[in-house]
Amino acid sequence: MSLEISPRARLGLAAAALALVAGGAGYGIAHLGGSETAPTQTADSGRKVLYWYDPMVPQEHYNNPDTLSSMGMKTIPKYADEGGGNAPGIRIDPAASQTLGLRAVAVRRGQLTSSLTATGTIDFNQRDVAIVQARAGGFVQRVYARAPGDIIGAGAPLADLLVPEWGGAQAEFLAVRRTGSAALIQAARQRLILLGMPSGTVASVERTGRPHNVITISTPTGGVIKTLDVRAGMTMTAGQTLAEVNGLGTVWLNAAVPEAIAGPLKPGQTVQATLAAFPGETLSGRVSAILPTTQADSRTLTVRIELPNRGGRLRPGMFATVSFGGSAQPALLVPSEALIRTGKRTLVMLALDKGRYRPAEVQTGRESGDDTEILAGLSEGEKVIASGQFLIDSEASLSGVQARPIGGGVPMAVGKRAATAALYETVGKIEQLTANSVTLSHEPVPAIGWPAMTMTFQLPNPNVARGLKTGDRVRFGFDQPPAGPTVRRMAKVAGQ
């Protein structure tokens, strides 16, 4: 006889297993902060009871201790003081923390290398296009068996064109030439050139003494024939296009980059490309342009990359993968696995003193490898949970613990350390000054690994910048609260 288990019963079994993992100190994460005799606690101990609940289904709250949960289990009390008094966050017994495998890591400052990969296709270099046109009206006597798509070299013939107008002008030139008048000869020669006759044809008429009214039209550059509009017997007019030839010395690689991550890209940046047609081979190129139009359907920007095309191996339409490298820049880093992304905001779980934990909202930046940049919400040296943080976040939500907002106060231990620690100091030049911020191009800060750069600092006290103006060279001290680097003192460098 087979025994079927309902989905609700399976959920209850899973919750029971989680409670066992949490250790014998209670009924799961909800009681990890209590004493080791938590299962025997009653509502008669004088402590204020908020409600009764079943750890297997913590979302269900009851007002009667004798009520069974929807899982058929006896409920336990949820006390008002289980949050640990007035201190923010929740408390978890250290032994239970070890059982759950909680791992805390310190927020650190390091170097973050930008890394972005996108896909693209090879296209013709539209700056290397030659248009072949007829310089005078005439008739096509012969074509040279060319077709669109043919690859030709520079000077390759396309068609022979009979130009009757040139024949008469050349005959007049030869007649004037027999007069021996240098002025008339020069004027007649100039007339031939103004009629569109190549200088080589004029020289040939002078050398042979015979008219040349049939001209061979050839390509000025090598490449691939994109269009060819000439056939034997056609009548051509002056300025009519015979062919369009696109050079193949360089090609464009048009990469589609999501607009959300395209900000750091700049023209002139070096990139690496790999093509499906040449596995194992890496090509180097540079960003020649970032097109101003965003593709509305895919929300991507087109980044144009110029690649050398030695031997003409790169053909339009080929598929490629592009890697945009970048220089390493200093950043405040946490492991990417420590982040809790809710869709509306990003949280980390702070590890406070005495086994307490509290969620904190953060603003994230770039991501590279296993690290993510923190733009605001954390300070260097704070500790976050990188493993098991989702269990603590669930209990914090059930307990009504509010996440520390971005720009909120740092924990007491961190606040004490910040109050006694020396400020980071360096020298810089004021580039811009407002009521609550100052932009400085400063020298390196070796203590935290910062190179020389230009950046904006918070200025919470306007008196710090009293008497200073844009262009002044100053020595300043700053710290790094969650709101961002903040100038605490600033003085003009003597002798400026």
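Four strands form an open sheet here, in the order S11-S10-S8-S13, with antiparallel pairing. Two strands count as paired if DSSP finds at least two bridges between them. Helices (H or I, at least four residues) and strands (E, at least two) are DSSP runs, numbered from the N terminus. The edges of the sheet are S11, residues 214-218, and S13, residues 235-236; each of these pairs on one side only. Strand S10, residues 157-162, runs antiparallel to S11 and is joined to it by five bridges. Asp160 stands opposite Thr216 in S11.

A word on the source. This is a predicted model, where local features need pLDDT of at least 70 and side-chain atom pairs count only at pLDDT 80 or more, while totals for chains, interfaces and linings use all residues. Residues are numbered from 1 along each chain as its sequence is written, and side-chain values use heavy atoms, with hydrogens and water left out.

Next, helix H3, residues 164-179. Its 16 residues should span 22 Å at 1.5 Å a residue, and the end C-alpha atoms are 24 Å apart, which agrees. That expected span is 1.5 Å times one less than the number of residues. Just after H3, Gly180 takes a positive phi of about 80°.

Finally, the whole chain. It has seven helices and 29 strands. Of its 496 residues, 41% count as buried.

Definitions and conventions: Buried < 20%, exposed > 50% of the residue type's maximum accessible area, 1.4 Å probe, protein only.
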